[in-house]
Amino acid sequence: MAVILCGLGGCLPPRAIDNQQISSGLDTTPEWIESRTGIRERRMVSEGLSMRDLAIKAGARAIASAGGRRVDAVVVATTSPERICPAVAPEVAAALGLGDIAAYDMTSACSGFVYGLATASGLIAAGIVDTVLLIGAEAFTTFVDPSDRSTRPIFGDGAGAVVLRRGEAGELGALGCFDLGSDGARSDLLAIPAGGSRQRSASAGLGHATVATGEFYLHMDGRAVYEQAVARMSASAQRVLDRTQWSMEQVDWFIGHQANVRILQTVAFELGLDTEKVAVNIERLGNTLTASIPLLFNDLALRGDLKAGQHVLVSAFGAGLSWGSTVLRWPQLSTRDSEWND
(Lines give C-alpha, C1' and ligand atoms only; values in the text may rest on other atoms or scores of the structure.)
Protein backbone atom coordinates (compact mmCIF):
# COMPACT_ATOMS: atom_id res chain seq x y z
CA MET A 1 0.00 0.00 0.00
CA ALA A 2 1.09 3.54 -0.76
CA VAL A 3 -0.38 7.03 -0.56
CA ILE A 4 -0.77 8.66 -3.97
CA LEU A 5 -0.98 12.36 -4.81
CA CYS A 6 -3.73 12.47 -7.45
CA GLY A 7 -5.15 16.02 -7.43
CA LEU A 8 -3.74 19.54 -7.20
CA GLY A 9 -5.13 23.05 -6.93
CA GLY A 10 -4.27 26.55 -5.77
CA CYS A 11 -5.87 29.91 -5.12
CA LEU A 12 -4.40 33.40 -4.76
CA PRO A 13 -6.21 36.54 -3.66
CA PRO A 14 -6.49 39.08 -6.49
CA ARG A 15 -4.70 41.93 -4.68
CA ALA A 16 -1.00 42.13 -5.69
CA ILE A 17 1.36 44.31 -3.63
CA ASP A 18 4.83 45.12 -4.97
CA ASN A 19 7.92 46.18 -3.04
CA GLN A 20 7.36 49.84 -3.83
CA GLN A 21 4.00 49.74 -2.09
CA ILE A 22 5.37 47.73 0.85
CA SER A 23 8.39 49.98 1.41
CA SER A 24 6.27 53.13 1.51
CA GLY A 25 6.23 54.26 5.14
CA LEU A 26 8.92 51.78 6.18
CA ASP A 27 12.64 52.44 6.63
CA THR A 28 13.56 50.36 3.59
CA THR A 29 13.62 50.32 -0.20
CA PRO A 30 12.28 47.94 -2.88
CA GLU A 31 15.86 47.02 -3.78
CA TRP A 32 16.75 46.16 -0.18
CA ILE A 33 13.72 43.88 0.17
CA GLU A 34 14.51 41.98 -3.02
CA SER A 35 18.21 41.64 -2.26
CA ARG A 36 17.53 40.26 1.23
CA THR A 37 14.58 37.98 0.46
CA GLY A 38 14.27 37.45 -3.28
CA ILE A 39 10.70 38.83 -3.12
CA ARG A 40 9.38 41.41 -5.58
CA GLU A 41 5.64 40.99 -5.10
CA ARG A 42 3.13 39.17 -2.91
CA ARG A 43 -0.64 38.65 -2.72
CA MET A 44 -2.73 39.95 0.17
CA VAL A 45 -6.32 39.40 1.16
CA SER A 46 -8.51 42.45 0.90
CA GLU A 47 -11.52 43.39 2.99
CA GLY A 48 -14.16 40.68 2.90
CA LEU A 49 -11.81 37.91 1.72
CA SER A 50 -10.50 35.41 4.25
CA MET A 51 -8.35 32.30 4.56
CA ARG A 52 -11.52 30.19 4.43
CA ASP A 53 -12.44 31.57 0.99
CA LEU A 54 -8.99 30.74 -0.38
CA ALA A 55 -9.10 27.24 1.13
CA ILE A 56 -12.50 26.46 -0.41
CA LYS A 57 -11.44 27.51 -3.88
CA ALA A 58 -8.10 25.67 -3.75
CA GLY A 59 -9.85 22.57 -2.42
CA ALA A 60 -12.46 22.61 -5.16
CA ARG A 61 -9.76 22.87 -7.81
CA ALA A 62 -7.80 19.96 -6.30
CA ILE A 63 -10.92 17.77 -6.30
CA ALA A 64 -11.60 18.69 -9.93
CA SER A 65 -7.97 17.86 -10.79
CA ALA A 66 -8.52 14.44 -9.19
CA GLY A 67 -11.47 13.82 -11.50
CA GLY A 68 -14.10 14.63 -8.89
CA ARG A 69 -12.94 11.75 -6.69
CA ARG A 70 -14.90 11.20 -3.46
CA VAL A 71 -13.17 12.72 -0.43
CA ASP A 72 -13.36 10.98 2.96
CA ALA A 73 -11.60 13.59 5.12
CA VAL A 74 -10.45 17.20 4.99
CA VAL A 75 -7.31 18.45 6.74
CA VAL A 76 -6.55 22.18 6.73
CA ALA A 77 -3.02 23.20 7.70
CA THR A 78 -2.86 26.87 8.63
CA THR A 79 -1.03 29.40 10.80
CA SER A 80 -3.72 32.07 10.38
CA PRO A 81 -6.97 30.51 11.60
CA GLU A 82 -10.31 32.13 10.95
CA ARG A 83 -11.08 31.92 14.66
CA ILE A 84 -9.40 30.33 17.68
CA CYS A 85 -12.48 28.10 17.89
CA PRO A 86 -13.88 26.28 15.97
CA ALA A 87 -11.67 24.77 13.26
CA VAL A 88 -12.25 25.96 9.72
CA ALA A 89 -11.98 22.51 8.06
CA PRO A 90 -15.60 21.52 8.79
CA GLU A 91 -16.76 24.79 7.18
CA VAL A 92 -14.60 24.05 4.13
CA ALA A 93 -16.00 20.51 3.87
CA ALA A 94 -19.57 21.83 4.12
CA ALA A 95 -18.97 24.56 1.52
CA LEU A 96 -17.57 21.93 -0.86
CA GLY A 97 -20.62 19.71 -0.35
CA LEU A 98 -18.59 16.80 1.00
CA GLY A 99 -21.13 15.70 3.59
CA ASP A 100 -20.59 14.76 7.23
CA ILE A 101 -16.99 13.67 6.81
CA ALA A 102 -14.04 13.97 9.18
CA ALA A 103 -12.54 17.47 9.03
CA TYR A 104 -9.99 19.18 11.25
CA ASP A 105 -7.28 21.84 11.35
CA MET A 106 -3.64 21.40 12.23
CA THR A 107 -0.81 23.85 12.78
CA SER A 108 2.90 23.45 12.44
CA ALA A 109 3.56 26.87 10.91
CA CYS A 110 5.56 26.77 7.66
CA SER A 111 6.16 23.02 8.07
CA GLY A 112 2.42 22.46 8.22
CA PHE A 113 1.95 21.14 4.70
CA VAL A 114 4.65 18.46 5.11
CA TYR A 115 3.22 17.54 8.51
CA GLY A 116 -0.19 17.45 6.82
CA LEU A 117 1.09 15.04 4.17
CA ALA A 118 2.36 12.76 6.93
CA THR A 119 -0.90 13.02 8.89
CA ALA A 120 -3.05 12.33 5.83
CA SER A 121 -0.82 9.40 4.91
CA GLY A 122 -1.33 8.01 8.41
CA LEU A 123 -5.12 8.21 8.09
CA ILE A 124 -4.97 6.30 4.82
CA ALA A 125 -2.38 3.76 5.96
CA ALA A 126 -4.44 3.01 9.10
CA GLY A 127 -7.48 2.21 6.97
CA ILE A 128 -9.54 5.02 8.50
CA VAL A 129 -10.14 6.68 5.11
CA ASP A 130 -9.28 6.06 1.47
CA THR A 131 -8.90 9.69 0.36
CA VAL A 132 -7.91 12.95 2.01
CA LEU A 133 -8.15 16.55 0.81
CA LEU A 134 -5.18 18.36 2.33
CA ILE A 135 -5.21 22.16 2.13
CA GLY A 136 -2.53 24.63 3.17
CA ALA A 137 -4.23 28.02 3.49
CA GLU A 138 -3.07 31.36 4.87
CA ALA A 139 -4.10 34.96 5.33
CA PHE A 140 -1.03 35.55 7.47
CA THR A 141 -0.49 39.14 6.33
CA THR A 142 -3.23 39.96 8.87
CA PHE A 143 -0.89 38.72 11.63
CA VAL A 144 2.09 40.86 10.60
CA ASP A 145 2.82 44.31 12.04
CA PRO A 146 2.41 46.78 9.13
CA SER A 147 5.12 48.99 10.66
CA ASP A 148 7.74 46.23 11.04
CA ARG A 149 10.21 46.26 8.14
CA SER A 150 11.70 42.90 9.18
CA THR A 151 8.46 40.93 8.77
CA ARG A 152 5.97 42.91 6.70
CA PRO A 153 7.76 42.51 3.33
CA ILE A 154 8.15 38.74 3.70
CA PHE A 155 4.66 37.31 3.84
CA GLY A 156 1.90 36.73 1.32
CA ASP A 157 -1.51 35.06 1.33
CA GLY A 158 -2.80 32.09 -0.63
CA ALA A 159 -3.93 28.47 -0.52
CA GLY A 160 -2.78 25.25 -2.13
CA ALA A 161 -4.40 21.82 -1.96
CA VAL A 162 -3.81 18.20 -2.91
CA VAL A 163 -5.96 15.08 -2.97
CA LEU A 164 -4.30 11.95 -1.61
CA ARG A 165 -5.64 8.42 -2.13
CA ARG A 166 -4.82 4.83 -1.30
CA GLY A 167 -2.76 3.11 -4.02
CA GLU A 168 0.18 0.86 -4.80
CA ALA A 169 3.86 1.55 -4.17
CA GLY A 170 4.81 1.37 -7.85
CA GLU A 171 2.39 4.08 -8.93
CA LEU A 172 3.47 7.56 -9.94
CA GLY A 173 2.53 10.07 -7.28
CA ALA A 174 3.45 7.73 -4.43
CA LEU A 175 4.80 9.49 -1.35
CA GLY A 176 7.99 8.08 0.15
CA CYS A 177 9.21 8.12 3.73
CA PHE A 178 9.02 11.14 6.03
CA ASP A 179 11.46 12.87 8.34
CA LEU A 180 9.82 15.15 10.93
CA GLY A 181 11.36 17.05 13.82
CA SER A 182 10.97 19.90 16.28
CA ASP A 183 12.87 21.99 18.84
CA GLY A 184 10.53 23.68 21.29
CA ALA A 185 13.44 25.11 23.27
CA ARG A 186 13.79 27.68 20.48
CA SER A 187 10.07 28.39 20.04
CA ASP A 188 10.46 32.12 20.79
CA LEU A 189 12.55 32.68 17.66
CA LEU A 190 9.28 32.85 15.68
CA ALA A 191 6.19 33.58 17.73
CA ILE A 192 3.03 35.62 18.18
CA PRO A 193 3.10 36.27 21.95
CA ALA A 194 -0.53 37.26 22.57
CA GLY A 195 -3.93 35.81 21.79
CA GLY A 196 -3.65 32.37 23.34
CA SER A 197 -4.31 30.93 26.79
CA ARG A 198 -0.80 31.80 28.04
CA GLN A 199 -1.39 35.51 27.60
CA ARG A 200 -5.03 35.31 28.70
CA SER A 201 -4.07 33.53 31.92
CA ALA A 202 -1.27 36.00 32.65
CA SER A 203 -3.64 38.94 32.25
CA ALA A 204 -6.67 37.32 33.91
CA GLY A 205 -8.93 39.99 35.34
CA LEU A 206 -6.92 42.76 33.69
CA GLY A 207 -8.43 42.62 30.23
CA HIS A 208 -6.78 42.74 26.80
CA ALA A 209 -6.24 46.49 27.06
CA THR A 210 -3.15 45.73 29.15
CA VAL A 211 -1.49 43.87 26.26
CA ALA A 212 0.55 45.92 23.80
CA THR A 213 -0.88 45.78 20.28
CA GLY A 214 2.44 44.59 18.91
CA GLU A 215 2.18 41.41 20.96
CA PHE A 216 -0.60 40.22 18.65
CA TYR A 217 1.79 40.31 15.68
CA LEU A 218 4.64 38.02 14.66
CA HIS A 219 8.02 38.47 16.40
CA MET A 220 11.04 37.01 14.60
CA ASP A 221 14.77 36.71 15.20
CA GLY A 222 15.74 36.71 11.53
CA ARG A 223 19.41 35.73 11.80
CA ALA A 224 18.79 32.83 14.18
CA VAL A 225 15.85 31.61 12.10
CA TYR A 226 17.99 31.67 8.96
CA GLU A 227 20.71 29.57 10.59
CA GLN A 228 18.23 27.07 12.01
CA ALA A 229 16.32 26.77 8.73
CA VAL A 230 19.46 25.96 6.74
CA ALA A 231 20.74 23.42 9.27
CA ARG A 232 17.41 21.68 9.90
CA MET A 233 16.22 21.51 6.28
CA SER A 234 19.58 20.27 5.01
CA ALA A 235 19.84 17.50 7.61
CA SER A 236 16.18 16.47 7.25
CA ALA A 237 16.33 16.33 3.46
CA GLN A 238 19.52 14.27 3.58
CA ARG A 239 17.96 11.77 5.99
CA VAL A 240 15.00 11.25 3.66
CA LEU A 241 17.30 10.73 0.67
CA ASP A 242 19.37 8.21 2.63
CA ARG A 243 16.30 6.24 3.71
CA THR A 244 14.86 6.30 0.21
CA GLN A 245 18.26 5.41 -1.26
CA TRP A 246 18.08 8.21 -3.79
CA SER A 247 21.31 9.81 -4.90
CA MET A 248 21.52 13.57 -5.33
CA GLU A 249 21.84 13.01 -9.08
CA GLN A 250 18.44 11.30 -9.13
CA VAL A 251 16.66 14.35 -7.70
CA ASP A 252 14.96 16.31 -10.49
CA TRP A 253 13.43 19.01 -8.29
CA PHE A 254 13.98 20.36 -4.80
CA ILE A 255 10.68 21.83 -3.61
CA GLY A 256 11.58 23.77 -0.46
CA HIS A 257 9.33 25.99 1.62
CA GLN A 258 9.49 29.46 0.10
CA ALA A 259 10.70 31.52 3.05
CA ASN A 260 13.78 33.21 1.63
CA VAL A 261 15.66 32.59 -1.61
CA ARG A 262 19.01 32.64 0.21
CA ILE A 263 17.86 29.85 2.53
CA LEU A 264 16.91 27.71 -0.48
CA GLN A 265 20.22 28.38 -2.21
CA THR A 266 22.24 27.59 0.91
CA VAL A 267 20.33 24.36 1.58
CA ALA A 268 21.01 23.30 -2.01
CA PHE A 269 24.71 24.07 -1.51
CA GLU A 270 24.81 22.04 1.73
CA LEU A 271 23.18 19.10 -0.04
CA GLY A 272 25.41 19.35 -3.10
CA LEU A 273 22.36 19.92 -5.30
CA ASP A 274 22.58 21.79 -8.61
CA THR A 275 20.95 25.21 -8.28
CA GLU A 276 18.89 24.71 -11.47
CA LYS A 277 17.01 21.96 -9.60
CA VAL A 278 15.87 24.40 -6.89
CA ALA A 279 12.28 25.46 -7.60
CA VAL A 280 11.40 29.06 -6.72
CA ASN A 281 8.31 31.25 -6.98
CA ILE A 282 8.92 33.42 -3.91
CA GLU A 283 9.75 36.41 -6.12
CA ARG A 284 6.05 36.90 -6.95
CA LEU A 285 4.26 35.26 -4.00
CA GLY A 286 6.45 35.86 -0.93
CA ASN A 287 6.30 33.46 2.01
CA THR A 288 2.82 31.89 2.03
CA LEU A 289 3.65 29.53 4.93
CA THR A 290 1.64 26.27 4.67
CA ALA A 291 0.49 27.19 1.16
CA SER A 292 3.95 27.68 -0.32
CA ILE A 293 4.76 24.08 -1.26
CA PRO A 294 1.43 23.19 -2.92
CA LEU A 295 1.36 26.56 -4.70
CA LEU A 296 4.86 25.84 -6.01
CA PHE A 297 3.72 22.36 -7.09
CA ASN A 298 0.90 24.03 -8.99
CA ASP A 299 3.10 26.63 -10.69
CA LEU A 300 5.62 24.04 -11.88
CA ALA A 301 2.94 21.59 -13.03
CA LEU A 302 1.06 24.29 -14.92
CA ARG A 303 4.24 25.35 -16.74
CA GLY A 304 5.04 21.75 -17.60
CA ASP A 305 8.30 21.84 -15.62
CA LEU A 306 7.14 19.05 -13.31
CA LYS A 307 6.85 15.96 -15.48
CA ALA A 308 5.39 12.57 -14.70
CA GLY A 309 7.98 10.24 -13.22
CA GLN A 310 10.37 12.94 -12.00
CA HIS A 311 11.95 12.54 -8.55
CA VAL A 312 10.89 15.32 -6.18
CA LEU A 313 12.50 16.17 -2.82
CA VAL A 314 10.31 18.24 -0.48
CA SER A 315 11.48 20.02 2.68
CA ALA A 316 10.14 22.73 4.99
CA PHE A 317 11.02 24.60 8.16
CA GLY A 318 8.90 26.81 10.39
CA ALA A 319 8.00 28.11 13.82
CA GLY A 320 7.87 25.65 16.64
CA LEU A 321 10.63 25.17 15.72
CA SER A 322 9.50 22.45 13.31
CA TRP A 323 10.76 20.87 10.13
CA GLY A 324 9.98 18.00 7.80
CA SER A 325 10.89 16.37 4.51
CA THR A 326 9.56 13.72 2.14
CA VAL A 327 9.95 12.50 -1.44
CA LEU A 328 7.64 11.48 -4.27
CA ARG A 329 7.66 10.61 -7.94
CA TRP A 330 5.54 13.16 -9.72
CA PRO A 331 2.21 11.85 -11.10
CA GLN A 332 0.44 12.48 -14.39
CA LEU A 333 -2.22 15.05 -13.57
CA SER A 334 -3.80 18.25 -14.81
CA THR A 335 -4.24 21.49 -12.93
CA ARG A 336 -5.26 25.09 -13.52
CA ASP A 337 -3.99 28.56 -12.72
CA SER A 338 -4.16 29.69 -9.09
CA GLU A 339 -5.63 33.11 -9.91
CA TRP A 340 -8.81 33.96 -8.00
CA ASN A 341 -10.98 34.47 -11.09
CA ASP A 342 -9.38 31.91 -13.38
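This is a predicted model: local features need pLDDT of at least 70, side-chain atom pairs count only at pLDDT 80 or more; totals for chains, interfaces and linings use all residues.

Student: What makes R149 another charge over a ring?

Tutor: The charged end of R149 is 4.6 Å from the centre of the ring of W32. The limit for that distance is 6 Å, and R149 does sit over the ring.

Student: How many aromatic pairs does the structure hold?

Tutor: There are four aromatic pairs. One of them joins F140 and F143, with 5.7 Å from centre to centre and 15° between the planes.

Student: Why is the pair of F140 and F143 called stacked?

Tutor: Planes under 30 degrees apart count as stacked, and the angle here is 15°.

Student: Why is the pair of F297 and W330 called tilted?

Tutor: Their planes meet at 55°, so the pair is tilted: stacked needs under 30 degrees and edge-to-face over 60. Their ring centres are 5.1 Å apart. The pair links distant parts of the chain, with F297 in helix 10 and W330 in the segment after strand 13, 33 residues apart.

Student: How do you know that W330 is buried?

Tutor: Its relative accessibility is 2%, against a cut-off of 20%, so W330 counts as buried. F297 is buried as well, at 1%. Together with F113, F297 and W330 form one aromatic cluster.

How values were computed. Residues are numbered from 1 along each chain as its sequence is written. Side-chain values use heavy atoms; hydrogens and water are left out. Rings of Phe, Tyr and Trp (its six-membered ring) pair if their centres lie within 6.5 Å; planes under 30 degrees apart count as stacked, over 60 as edge-to-face and the rest as tilted. Helices (H or I, at least four residues) and strands (E, at least two) are DSSP runs, numbered from the N terminus. Buried means under 20% relative accessible area, exposed over 50%, partly exposed in between (1.4 Å probe, protein chains only). A charge sits over a ring if NZ of Lys or CZ of Arg is within 6 Å of the ring centre and within 35 degrees of the ring normal.
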